[in-house]
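Hello,

Here is the structure you are getting from me. My notes on the ligand site and the chain interface follow below.

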Amino acid sequence: MTEKLQSAFKKLTGKGKLSENDVKEAMRDVRMALLEADVNYAVVKEFVNKVTEKAIGQGVLESLTPGQQVIKIVNEQLIELMGSSQSKIKWASAPPTVIMMVGLQGSGKTTTSAKLAGYLAKQGKNPLLVACDIYRPAAVKQLQIVGQKVNIPVFSLEAADPVAISRQGLEYAKKHSNDVVILDTAGRLHIDDEMMLELENIKASVHPDEILLVVDAMTGQDAVNVAKNFNERLVIDGVVLTKLDGDTRGGAALSVKAVTGKPIKFVGMGEKLDDLEPFHPDRIASRILGMGDVLTLIEKAQAAVDEKKAMELENKLRNQQFTLEDFLDQLHEIKKMGPLSQIMDMLPGINSKKMGNVQVDDKELGRIEAIINSMTKQERLEPAIINGSRRRRIAKGSGTTIQEVNRLLKQFEETKRLMRQFTSMEKSGRRGMLKLPF
Amino acid sequence: MGIFDKLKSGLAKTRDNFSSRVNGLINSSRIIDEEFYDQLEELLILADVGAKAAESIINDIKKQVRQQKLKAPEQVRTLLKDELERVLSKNAASKDMDLYPRIILVVGVNGVGKTTTIGKLAYKFKQDSKRVLLAAADTFRAAATEQLEIWSERAGVDIVKHEEGSDPAAVVFDAIQSAKAKKADIIICDTAGRLHNKKNLMEELKKINRVIEREYPEAYKEVLLVLDATTGQNAISQARVFKEAVDINGIALTKLDGTAKGGVVIAIADELSVPVKYIGVGEGIDDLQDFEPQNFVSALLDID
Ligand SMILES: Nc1nc2c(ncn2[C@@H]2O[C@H](COP(=O)(O)OP(=O)(O)OP(=O)(O)O)[C@@H](O)[C@H]2O)c(=O)[nH]1
Ligand SMILES: [Mg+2]
């Protein structure tokens, strides 16, 4: 509870414009968050510089602290960088549309090819899968099996090279009125010249309408080298990000977007063949920042906090006149932000363990309210007078126990103490404890 | 989108410049200052060591530089190399571990190179005149068994397999009975790729592990986690969760023939005390090497 209140109070302190210091401080944490999410070092550097410049001098919204305001700007910039949701395929003016899937070994091309075929079939297309991976043992067999599962025909040829296979696959599609051809190529290293040349030859031979780079969402710093090489040699049209059903923060998405400028079109969300989804830039942005739904929380806080009350409270805090009545008011403010458990979940770095014995659930909030409501005005203003018999009366009146009343009074004192510390820290001009962003 | 253009030109240089970066850095730096440390940190981060780990490594280095009153960047290079090698040598398996019968359970997330590594391992043990048996316990992925079967033929070893969709633990059970009957020296079990955050799939793995412990207590058991060197910081989470589930005791780091450095294993060796045993350096049957901390660190830092 105390931690919760603490954060609720912190947002009372931000006013005016973002100073260079505010921004720099918050950006240090942003930089670390991005790097730990595997965004490429150079991409992070550029991004941080850009956003720092942009943020300095911007107004701080009434209800936010400078730290929160910076995060808000960072998030907006990230979403902008990630591009809009563009899960569209460029259709050929004369069918069939040829889609070529490329990428490193193990990135998920075969599964994604089948998923995409199934996805397009649901949109009324009549796709053909073409097995161009003649290298990996049983790769053709794998495509045949997954093709069968999504009910899509698979074209393959024994003893032929991938260029010939793709060309004949295209012919086959024309004859069988398949309006989409998806080429599943072998995984290869971006620095394997011979294998990259093979892709260039396929491209020259069948002129794909879409070349999609399949990237594992768990990829680290090397994502930029991979994306850059594939894009330079083939000029890709878009990216599919796979294995996002894992717990990776997915910083590779930003790296790949930054070096190629090409949109992320789809994301793979599981091993099942219908686990292919359109890309949502906002989701990946907050995932990369690793702040749960902290941004939603910022928005909610912005909407919920009554500015005038906040000012009053701040004054009281400074004059150390914080009473149980104010405590109750604060609880109401917090309550407006939504169910507490949900709010707690949205806070990064706050886990129930850290909250220790201060369990906050909505039921308890209700009981606290009842307890305070059972107090006389004087008791609320001057909790020190609440002796044993008063406690008994309050417990009875609120339908709680004396222990609960005691606990509340203790929590209140603790909150007060914490807030005193907090305000004196503010006065001394140090924004201590303002680690990102609460 | 000005930011992209700038980035692109910036990154164009990154890769080309990366080799001998440390050398360049050390040779070009006259003194050990903050900028020098920043550049060192950048190098580590670019190698996927991780921002937090890189920070703490640099802090250690700084401390030692102070204590030993070092002045020359050259000395820092040695210091850094030693430090990384020390971490990576921690808990390294003793080389002469020659315990048979043996069973190796190979686990990892999707597409990291489990099946390929098994093919290479089978070949390696076969070269050592060991009787090897493969267990095709990836009964989930399409054509996984066929893939392993081709590797078994390439390596010239036997394989135990069931149908797609059957119980993987049953495959392992059969393999153990077969190994006992045929007096095989070593069983290597392929498993389906699984993301470590999928509870039910991790339970399935535990079940396989229990079958091994129950049916083959006399065998020396190894659980090998395959990590893709291209993977970033998520590899730490992978190692942690797989370790909790099936107590991995070694890592095979694959795809080091690319440009990725696999620096994340440093954090894993440090935090989780799981040593790297093998590295994969290609798709060929003999593209598997024993892990050598010295060589790895040299490659990581591009020094010789
Ligand atoms: N370049 C390179 N490719 C590798 C290496 N190891 C594996 N591969 C390739 O990576 C791809 C995936 O390898 P698999 O062995 O099928 O991976 P897996 O972990 O068994 O995959 P699933 O069973 O689908 O989870 C294949 O194309 C392999 O040839 C390596 O060391 N270097
Ligand atoms: Mg496999």
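A polar contact here is a pair of N or O atoms within 3.5 Å; within protein, one must be able to donate a hydrogen and the other to accept it, and residues adjacent in sequence count only if both atoms are side-chain atoms. By that rule, an oxygen atom of ligand 1 sits 2.8 Å from a side-chain N or O atom of Gln147(B). Thr115(B) places a polar side-chain atom 2.7 Å from an oxygen atom of ligand 1.

The model is predicted: local features need pLDDT of at least 70, side-chain atom pairs count only at pLDDT 80 or more, and totals for chains, interfaces and linings use all residues. Residues are numbered from 1 along each chain as its sequence is written, chains are lettered from A and ligands numbered from 1 in the order written, and side-chain values use heavy atoms, without hydrogens and water.

**Ligand site**

Ligand 1 is surrounded by 22 residues (a heavy atom within 4 Å). Among the closest are Lys114(B) and Asp257(B). The site is shared between chains, because residues from chains A and B surround ligand 1.

**Interface**

In chain B, 50 residues contact 47 residues of chain A (heavy atoms within 4.5 Å). The rule finds 3 salt bridges across the interface of chain B and chain A (a side-chain nitrogen of Lys or Arg within 4 Å of a carboxyl oxygen of Asp or Glu). Lys198(B) pairs with Asp245(A) in a salt bridge, with the closest N and O atoms 2.3 Å apart.

Best regards
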